[in-house]
Amino acid sequence: MNFLAGPYIDRRASQRDDPGWVESARRDPGTRFLLARGTAHCIIRDPEPRIAFVGADHPCVRAAHNDRLLLLGWFQHARCVLVEIDAVDEATLADGHLDGTFEELRPLTPLLDGAEAGLLAYARALSHWRLRHRHCGVCGAATVPARAGHSMRCSSAGCGTETYPRIDPAIIVLVTDGERALLGRQASWPAGRYSTIAGFVEPGESLEDAVAREVLEETGVPVRDVRYHSSQPWPFPSSLMLGFHAIASSSVIARGDAELEDARWFSRDEIATGTPLLPTPASISYRLIEAWFDAGSPVPLSAQAQAGRWERK
């Protein structure tokens, strides 16, 4: 199972239509509140990072308007609510006996427990969407939250357009010719780091067509036998990564746009000995490479001591 995915939360979507859900959450002593400031979340380090859950009596929760509360679902059998706050200082947190800091999720992903990372990915995606849908895209009037924070409704009586969270589908694919893998690198990446080919799905395009187009645009390599592997939510800001394997119809590389600085074929032996540096194991890119590598090697990629892995700082 890919990191950030899995049954880490019981969403109970039907509860979102309960008009009394906020009052129930505030009264329930078992409710766990998660504090967010923009797309950053309150984290405790002791020493490893974990979510700084608080109760309904915390000052930040008591001061929050009901419209700033979002029902995430039931996490580890307890109701979990996201609280969006505009600003908070250390004194406010200390008033609630909480020694926490607000941190962005991306650098935390390799350090967090898998279930907590998935919960934060879910919360971050919702916060990012709400921050960018404060006004109606049809008439421009202010929007108000509905369905426990999972929709934004136009406040104009003559409009009433309702907007739901947006997810951007993106394909990510490992192309192989059997014994070699096609990987590319962007100029902004650390030296030696390569990854699989990826890109957004365009309107009117199937996933398989998107795979073929992106690989051809970026590397000039035509592909066949496109096979789905797995998916991964990627809330940076709102993507769903759809992973594939594909077979190259030609080994000739001819980069056709400026997306990649370089694209190369790599053998299993090269990968096993540290050339190139691979994406972090938390990424679906690594999982795609790992699945292909392990299918043709007696020693799995995870056990290759010299294999290089690029960790985001």
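Before you start, remember that the model is predicted, so local features need pLDDT of at least 70 and side-chain atom pairs count only at pLDDT 80 or more, while totals for chains, interfaces and linings use all residues. Residues are numbered from 1 along each chain as its sequence is written, and side-chain values use heavy atoms, with hydrogens and water left out.

**Stop 1: strand β6**

Select residues 78–84, which make up strand β6. Helices (H or I, at least four residues) and strands (E, at least two) are DSSP runs, numbered from the N terminus. Seven of the seven residues in β6 are buried, meaning under 20% relative accessible area with a 1.4 Å probe and protein chains only (exposed is over 50%, partly exposed in between). Show the side chains: A78, C80, L82 and E84 point one way, and R79, V81 and V83 the other. In a regular strand, side chains alternate between the two faces of the sheet.

Strand β5 (residues 69–75) runs antiparallel to β6, with six bridges, and F75 has A78 as its bridge partner. Look at the hairpin with its two residues between the strands: Q76 takes a positive phi near 50° there. Strand β2 (residues 32–37) pairs with β6 in the parallel sense over five bridges, A36 being partnered with E84.

**Stop 2: helix α4**

Next, pick residues 114–131, the 18 residues of α4. Of these, 14 are buried.

**Stop 3: the pockets**

A pocket here is an open set of points on a 1 Å grid over the protein atoms alone, where a 1.4 Å probe fits and protein lies on both sides within 12 Å along at least five of seven lines; lining residues have an atom within 4 Å of a point.

The largest pocket holds about 740 Å³ of space. To find its centre, select R106, W189, R193, W234 and M241, the closest of the 33 lining residues. β13 (197–200) gives the largest share of that lining, four residues.

Which element gives the largest share of the lining of the second largest pocket? Go back to α4, which supplies six residues. This pocket has a volume of about 460 Å³, and R11, Y122, A125, I167 and P233 lie nearest its centre.

Conventions: The expected span of a helix is 1.5 Å times one less than its number of residues. Two strands pair if DSSP finds at least two bridges between them. Grid points are joined across faces, edges and corners, and a volume is the space filled by probe spheres set on the points.
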